[in-house]
Structures are given as structure tokens and as C-alpha cells.
Amino acid sequence: MMRKKWAKAAAILMAFGALLMAGCGGSKEKKDAAPAGGKKVSGNLMVYTSMYPDIINSQVKPAVQKAFPDLKASWFQGGTEKIKTKIAGEIKANKISDDILMVADPSYYIYLKNKDLLLNYKSPETKHHIMEVDKDGAWASVRVCNMIIAYNKDKLAKEDIPTGWEDLTNPKYKGRIAMPNPLLSGTAYVAVGSLADKFGWEYFDRLKANGLRVEEGNSAIQNKLLTGEYMCAIILEENVLKLQQTKKEPLEVVYPKEGCILISSPIGIFKSTKNPEGAKALEDWWLSAEGQKAVTAGWMYSVRDDVEKPQGSKHTLQELLKTALKVDWEKLTKDEAKIKEEFRARVLDN
């Protein structure tokens, strides 16, 4: 009888020991396989993103590979408008190749949700969010870009440094101001909509009269700021911070007194994905503190309340949000063609 009691006690102790080992990381394979999502995932995933290629290659790919060694993630990079055109063709052909979408235009996600093309998934990581999250889980902000004014401190006198958006209409900048093309750039499109709502479309008439130049993207603008061809320009802060930190270039950021334009870049999963578990795990990773460090390493702002600001920025996202210009995402979704045509007629034509 005593022997049976000891055997039963030993069995209980062994079971307890096994549970203790599991709770203290006894299952090393599981811990290593998915540090953010908590699941070991495999298979293939295609990600369409407007993040810059060098950030994807240097920061994102190695981190994702380390977090999910059995997952094969492929990346298609392009400007937001280029990706939207690509997806439009895939929707028309009823063959969406993309699994995860990451572009800098929340209004586009509203459009896709209205078309019932996005998978509703509420990541547990969104509890730390300070930016937009769709109420049904169709998308969640994953990074924040900041549209600001930039200048070259070696080429511009102190008294000529602009302080706000209205300053760009000053005749002293005539013919030497620039911005990205909103017909090609998602962030520029959001900026145009926000500025038009704040100052009226007449603001762009005044910019046009002051010789505003429109470039294909941010890269062309930053190069002409460096040469002194432009005195100042509307551009993404991340471009300026990157040049400051990596090449010690003399570009500086102006945080406009009327408020910056903060542009969320969401992440969303297409319903058509053949690897929903992998897609959910990767979204969890992006929204985790670990994934958000890859965002700030690319000089963009984290959407979380527990991740530091990008290196070189003078303000936290919480500080910028206090004075940021309003962005009407529903209007940008509903009136996209109208807004772009208004800009074309007022600025690009003639």
C-alpha cells in the first residue's frame, strides 16, 4: 500500500516538474520560432509595401527571418499609387497575389474594407496603440510618416528659414520650393487633402503663383535641397533624418507652427490569403515592440506607446499629435478622383 502511495506521489511530482519546465522555457523550439506571435508558422507570404527598399533589405528582412525561420516572406516594393494600380489589376482578374498590405494611405484600406477584401483580425498587440485601428480589425496603423518642411542649413540664411506652411507662399522663395507629386505618392496625396482642408484650395493657387515645383518623389527633392536648387520643400521627415544620421548632410527639419501632417501607414491582410495563420503572426510581429523597432530604425514613428521616437527627431509622436493637422480619411477615400483632379488643374496644368 505504501509503495503505491509513493508511486502516485512520484507521478504527481514528475507531472509538476514537466509543467514547471514548460513554464520556464523548457520548450526552446517554440520560444525561438515565434518570439512575437507565440506560434510557429511556415509557408509563403507576399507583402506589398511602400517602405523604402533599403529599409526593407537592411532592417526588415533580417528581423523577420530571425523571428520566423520557417516562413518565406517575399516583398514587392513600390510607391503607394503604383501598388494600388497593381492591386486594381489583380482585383479585376480575380487573382490577388498579395497576402499583407503596408502602404501609407489609410483611405485605401477603407476602400478595400468596403469592397469586403480584407480579413478582420484584431491583433493582441494593438492594446499599446496610439494611432488608428479599424473597429473590426480590417487594418491597424503600423508606422507613421511625418510630412514637414525641410531646408539646407548651409544654403539658407537664418532669417529665410520658414516657420510654417503659409510661409511657402512668400515671394522670397519664388521658383525654389517643391513637393512630391500626389498623383504618384500616397503620402503627398494625404498632405494635399489635409492642406486643402486647412487653408482652402486657394493655398495651392498661391503656391503655384510662387513657382511651386512638383517632383516625382521625395528622393529628387532631397537631392535638389542639397545642391541648393530648392530653398525649402515639403517632404517626409524620414528622408531628412536618414541623411542627417547616415551621411551627416546639412538638411534640417521645420515642424510647421500650424501643425505637421501625420500619415499612418496601416497593415492589413487580404481575405484571399492562403496562409492566414502566417499572415496573422507576421502582423502581430509588426505591431509588437520588436517589430516597431524596425520601423523607428527606418526613421519613422512607432504606433506604440512603449517604443522610442526615431533617432534625430526633436519630438515624440505624442507631442506631434497635439498640434497635427486634421486628416479626413473618409473624405480622402470618397473624393480621391476629385481631389487629384483639383490638384492637377490648379498646379500641374498650364
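Here are some exercises with worked solutions on the pockets, core and helices of this predicted model.

**Exercise 1. The largest pocket**

Describe the largest pocket: what is its volume, and which residues and elements line it?

*Solution.* 
- Start with the space itself: the largest pocket has a volume of about 370 Å³.
- Next, look at its centre. Ser50, Tyr52, Gly79, Ser185 and Asn218 are the closest to it among the 22 lining residues.
- Now move to the elements. Strand E4 (140-152), helix H6 (186-199) and helix H8 (218-227) are those that give two or more residues to this lining.
- H8 has the largest share, with three residues.
- Finally, sort the lining by class: 11 residues are polar, eight are nonpolar and three are charged.

**Exercise 2. The second largest pocket**

Work out how much space lies in the second largest pocket and what lines it.

*Solution.* 
- The second largest pocket holds about 290 Å³ of space.
- Its lining includes the run Asn94, Lys95, Ile96 and Ser97, along with Asp99 and Leu117. Also in the lining are Ser272, Thr273, Lys274 and Asn275, as well as Asn44 and Ile91.
- By class, this lining has six polar, three nonpolar and three charged residues.

**Exercise 3. Helix H6**

Find out how the span of H6 compares with the expected one, and whether its residues are mostly covered or open.

*Solution.* 
- Begin with the span. The 14 residues of H6 reach 20 Å from first C-alpha to last, close to the expected 20 Å at 1.5 Å a residue.
- Then turn to burial: 12 of the 14 residues are buried, and the helix is mostly covered.
- To see which ones, follow the helix along: among the buried residues are Gly186, Thr187, Ala188 and Tyr189, and also Leu195, Ala196 and Phe199.
- Last, step just past the end of H6, where Gly200 has a positive phi of about 90°.

**Exercise 4. The cavity beside H6**

How many cavities of 30 Å³ or more are there, and which element gives the most to the lining of the largest cavity?

*Solution.* 
- The count comes to one cavity of 30 Å³ or more.
- The largest cavity has a volume of about 40 Å³.
- Its lining includes Val190, Gly193, Ser194 and Asp197. Val327, Asp328, Lys331, Leu332 and Ile339 also line it.
- H6 and helix H13 (329-334) each supply at least two of the lining residues, and H6 gives the most, with four.
- By class, there are four nonpolar, two polar and three charged residues in this lining.

**Exercise 5. The nonpolar core and Leu101**

Identify the residues with the most contacts inside the largest nonpolar core, then trace the contacts of Leu101.

*Solution.* 
- The largest nonpolar core has 103 residues, and Leu101, Trp165, Phe204 and Trp286 have the most contacts inside it.
- E4 gives the most to this core, with nine residues.
- Setting aside neighbours within four places in sequence, Leu101 touches residues including Tyr48, Ile83, Ile87, Tyr108, Tyr109 and Leu112. Further along the chain, its contacts include Pro266, Ile267, Gly268 and Phe270.

**Exercise 6. Ala140**

Why does Ala140 count as buried, and what is in contact with it?

*Solution.* 
- Ala140 counts as buried because its relative accessibility is 2%, and the cut-off for buried is under 20%.
- Beyond its neighbours within four places in sequence, Ala140 is in contact with Thr126, His129, Glu132, Val133, Pro266, Ile267 and Leu287.
- Take His129 from that list: it is 11 residues from Ala140 in sequence, and the two lie 8.8 Å apart, C-alpha to C-alpha.

Definitions and conventions:
Residues are numbered from 1 along each chain as its sequence is written. This is a predicted model: local features need pLDDT of at least 70, side-chain atom pairs count only at pLDDT 80 or more; totals for chains, interfaces and linings use all residues. Side-chain values use heavy atoms; hydrogens and water are left out. On a 1 Å grid over the protein atoms alone, a cavity is a set of points where a 1.4 Å probe fits but cannot get out, and a pocket is an open set with protein on both sides within 12 Å along at least five of seven lines; lining residues have an atom within 4 Å of a point. Grid points are joined across faces, edges and corners, and a volume is the space filled by probe spheres set on the points. Ala, Val, Leu, Ile, Met, Phe, Trp, Tyr, Cys and Pro count as nonpolar, Asp, Glu, Lys and Arg as charged, and the others, Gly among them, as polar. The expected span of a helix is 1.5 Å times one less than its number of residues. Buried means under 20% relative accessible area, exposed over 50%, partly exposed in between (1.4 Å probe, protein chains only). A nonpolar core is a set of buried Ala, Val, Leu, Ile, Met, Phe, Trp, Tyr and Cys residues joined through side-chain atoms within 4.5 Å. Contact means heavy atoms within 4.5 Å.
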